Amino acid sequence: MTKPSLPELLHAAVAAVGGTERPGQVTMAETVAEAIDDGSHLLVQAGTGTGKSLGYLVPALAHGERVVVATATLALQRQLVERDLPRTVAALHPLLRRRPEFAMLKGRSNYLCLHRLHEGVPQEEEEGLFDQFEAAAPSSKLGRDLLRLRDWADETESGDRDNLTPGVSDRAWAQVSVSSRECLGATRCAYGQECFAEMARERAKLAEVVVTNHALLAIDAIEGAPVLPQHEVLIVDEAHELVSRVTGVATGELTPGQVNRAVRRAAKLVDEKVADQLQTAAEGFERLMELALPGRLEEVPEDLGYALMALRDAARTVISALGSTRDKSVQDEDAVRKQALASVETVHDVAERITNGSEYDVVWYERHDRFGASLRVAPMSVSGLLREKLFTDRSVILTSATLKLGGDFNGVGASLGLPPEGTQGDDLPVWKGVDVGSPFDYRRQGILYVAQHLARPARDGARGDMLDELTELIEAAGGRTLGLFSSMRGAQAAAEELRGRLDMPILLQGEETLGELIKNFAADEETCLFGTLSLWQGVDVPGPSCQLVVMDKIPFPRPDDPLMSARQKAVDEAGGNGFMAVAATHAALLMAQGAGRLVRASGDRGVVAVLDPRLATARYGSYLRASLPDFWYTTDRNQVRRSLAAIDAAAKEKGAQDA
């Protein structure tokens with residue numbers, strides 16, 4: 001029997017998921033297959049509605065080697081494991097004459113820990129463990145969550161937190177889960193044979209396709225201890241998120257609360273003198289943190305340097321002592337010791353990292369109204385790390401609806417550690433970028449309107465003219481508005497003001513869970529939804545409920561963002577354009593994602609309105625506009641109001657006919 005062709009396989013898969021074959025999807029599948037076959041790397045931009053999951057799954061399954069698929073969002077992980085993979089595997093089975101296995105794998109703390117559940121949680125103040133179910137009042141929210149977790153533990157097959165619906169609070173989950181550092185290890189744990197995290201790892205070892213998240217991919221790359229099984233192909237979906245997720249995993253933090261917790265956990269297991277040394281160092285650190293002012297520390301101040309060295313040295317002494325003492329009077333000593341060790345090691349590692357003072361790290365203070373001050377350290381750039389750890393020994397496919405910024409892939413490529421496209425040289429990863437387009441006719445389906453007549457936004461200044469413009473646009477659209485704001489303060493101020501002006505429901509992020517807000521927004525066409533960062537990327541509401549997407553201003557990073565400003569300065573000092581490489585790239589990515597909320601289906605019509613004249617007037621405006629879908633462009637405010645009114649009237653007429 002001849003080997004089935006890629007078009008045959010794709011056709012079978014698309015039919016199985018009830019989709020429509022798109023030219024862009026066919027192009028994507030062919031280029032992915034080529035990259036896998038010759039071991040090269042590919043950046044592929046595939047617009048909304050292309051069907052990109054099948055565009056990479058079909059050639060990956062046809063190749064027959066193990067593939068890891070890493071995604072950023074829970075929604076896409078679920079779609080892959082519960083819908084796309086089962087149907088695709090079933091459809092390809094007769095043609096491939098094999099049935100590829102697939103599995104989901106996440107970090108350990110995502111799985112229920114049976115040891116924690118049955119033996120209790122190491123207690124902070126006294127020796128031994130306490131039963132968290134006894135300690136929490138059954139009538140409290142925590143108590144109800146814990147009782148539900150205990151019942152769920154008897155019926156779940158995966159132990160995966162994301163399969164628990166409705167979910168529970170982070171506080172409740174922390175009582176029944178462990179980090180990889182706190183885990184006793186399968187051989188030393190009484191529940192090792194039944195461990196959900198271990199079972200997930202075993203399933204992954206046997207699977208041809210392993211679905212994971214960006215965070216676990218980053219841990220696998222950074223920490224050197226492999227958590228993912230060996231694989232020949234890596235596919236990174238939602239790849240525009242990868243740099244920020246890897247940065248998050250590579251960021252260290254120290255807070256007085258965290259250090260004091262480490263002291264309490266270790267004190268009952270080491271002698272008094274050793275514990276006192278850590279206690280004294282913790283008190284010195286806490287006194288300094290009370291005076292900490294937010295901002296970057298270009299050099300670690302002398303007093304902070306001494307405090308961190310004291311913490312590092314005391315933590316090292318405690319770690320040695322924890323390894324050599326035993327105390328049989330402590331109930332379930334191994335679990336108590338492991339949790340204490342994990343806490344103290346984290347303190348030691350972050351204190352040592354900041355003390356060592358790498359030129360590649362950025363150190364800063366943050367101050368939070370509720371949680372107080374924290375000291376943070378993050379890599380200046382993760383591009384070198386990604387080039388070294390990601391693009392060796394395997395073919396890497398990176399895909400997203402937004403990878404091509406300002407007209408090419410080099411901006412995103414550089415952030416991933418890739419040289420400019422087409423560059424030849426020893427040890428340089430070979431890659432190419434392909435834009436397979438979108439099935440949507442953006443010029444006919446959408447308008448990009450820039451409110452050029454408005455005043456240029458001043459930082460934290462009141463924007464009365466912007467609120468007037470927003471009010472008029474929403475009235476013309478008949479509601480149906482997703483408001484994307486560059487700050488939570490801006491979203492709150494606009495919601496408060498417009499609730500007084502408009503007789504339409506205005507939902508605000510933070511007043512309800514995100515899922516609930518999006519559901520309510522989609523259910524009522526007059527409703528508007530205002531919010532910040534997660535709405536720029538996470539909303540998928542096709543149809544007449546979302547026909548106006550408004551951005552209050554270009555979402556540049558805050559000038560006082562220590563990491564972004566440090567990255568910008570480093571590019572400038574190296575002779576590049578830091579503003580374009582960092583701030584404009586950040587804004588372009590978010591704006592491309594935000595504009596992508598408008599057209600989610602072939603029948604969608606609407607307007608993306610940017611209430612920031614700089615998009616039309618500033619030199620970088622053309623770069624940002626080139627990063628957006630190819631909508632019809634205007635700065636004519638009367639034209640856009642007429643268009644919105646016409647779109648609103650058409651939607652109402654269709655609604656009346658459907659009723």
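Glu-208 sits in the loop that separates helix H9 (196-206) from strand S6 (209-213). In this predicted model, the residue is buried, because its relative accessible area is 15%, below the 20% limit. Its side chain forms a polar contact of 2.9 Å with the side chain of Arg-98. Arg-98 is also listed among the residues that Glu-208 touches beyond four places in sequence.

Confidence was examined next. The protein chain has a mean pLDDT of 90. A value of 70 or more is reached by 95% of its residues. Residues 125-130 stay under 50. For this stretch the model has 25 contacts beyond four places in sequence.

Strand S12 (residues 395-400) is enclosed. Six of its six residues are buried, so the strand is largely surrounded by the rest of the structure. Both of its faces are covered. One side carries Ser-395, Ile-397 and Thr-399. The other carries Val-396, Leu-398 and Ser-400. S12 pairs with strand S1 (residues 41-45) in the parallel sense, over four bridges. In this pairing, Gln-45 stands opposite Ser-400 of S12. Strand S7 (residues 233-236) also pairs with S12 in the parallel sense, over four bridges. Here Val-233 stands opposite Ser-395 of S12.

Four strands form it, in the order S8-S11-S10-S9, and the pairing is antiparallel. Strand S8 (252-254) and S9 stand at the edges. Each has a single partner strand, so one side of each lacks a neighbour in the sheet. S10 and S11 pair in the antiparallel sense over eight bridges. Tyr-365 stands opposite Leu-375 of S11.

The buried residues of H23 pack against strand S9 (295-296), strand S10 (361-368) and strand S11 (372-379). They also pack against helix H11 (242-249) and helix H24 (578-595). The buried residues themselves are Pro-562, Leu-563, Met-564, Ala-566 and Arg-567. H23 covers residues 562-573, twelve in number. From its first C-alpha to its last it reaches 16 Å, close to the 16 Å expected at 1.5 Å a residue. At the start of the helix, a side-chain oxygen of Asp-561 comes to within 3.0 Å of the backbone nitrogen of Leu-563. Gly-575 follows H23, with a positive phi near 95 degrees.

Helix H20 (residues 488-501) has 14 residues. Its reach from first C-alpha to last is 20 Å, close to the 20 Å expected at 1.5 Å a residue. Gly-490, Ala-491, Ala-494, Ala-495 and Leu-498 of H20 are buried. They cover an arc of only 130 degrees around the axis, so they lie on the same side of H20. An α-helix has 3.6 residues a turn, so residues three or four places apart point the same way. On the other side of H20, Arg-489, Glu-496 and Gly-500 are exposed. The cover over the buried residues of H20 includes helix H19 (464-477), strand S16 (506-508) and strand S17 (528-531).

Two further helices each hold a buried alanine considered here. Ala-342 is found in helix H15 (residues 333-356). Ala-342 is buried, because its relative accessible area is 7%, again under 20%. Leaving aside neighbours within four places in sequence, Ala-342 is in contact with Arg-181 and Glu-182. Ser-180 stands 162 residues from Ala-342 along the chain, yet 8.9 Å separates their C-alpha atoms.

Ala-221 lies in helix H10 (residues 214-222). Ala-221 is also buried, with a relative accessible area of 14%. The C-alpha atoms of Ala-221 and Val-246 are separated by 9.2 Å. Along the chain these two residues are 25 residues apart.

Definitions and conventions. Residues numbered from 1 in each chain as written. Predicted model: local features only at pLDDT ≥ 70, side-chain atom pairs only at ≥ 80, totals over all residues. Heavy atoms only, no water. Helix = DSSP H or I, 4+ residues; strand = E, 2+ residues; numbered from the N terminus. Buried < 20%, exposed > 50% of the residue type's maximum accessible area, 1.4 Å probe, protein only. Polar contact = N/O pair within 3.5 Å; in protein donor to acceptor, adjacent residues only side chain to side chain. Contact = heavy atoms within 4.5 Å. Expected span 1.5 Å × (residues − 1). Pairing = 2+ DSSP bridges. Arc of directions from axis to C-beta. pLDDT = per-residue confidence, 0-100.
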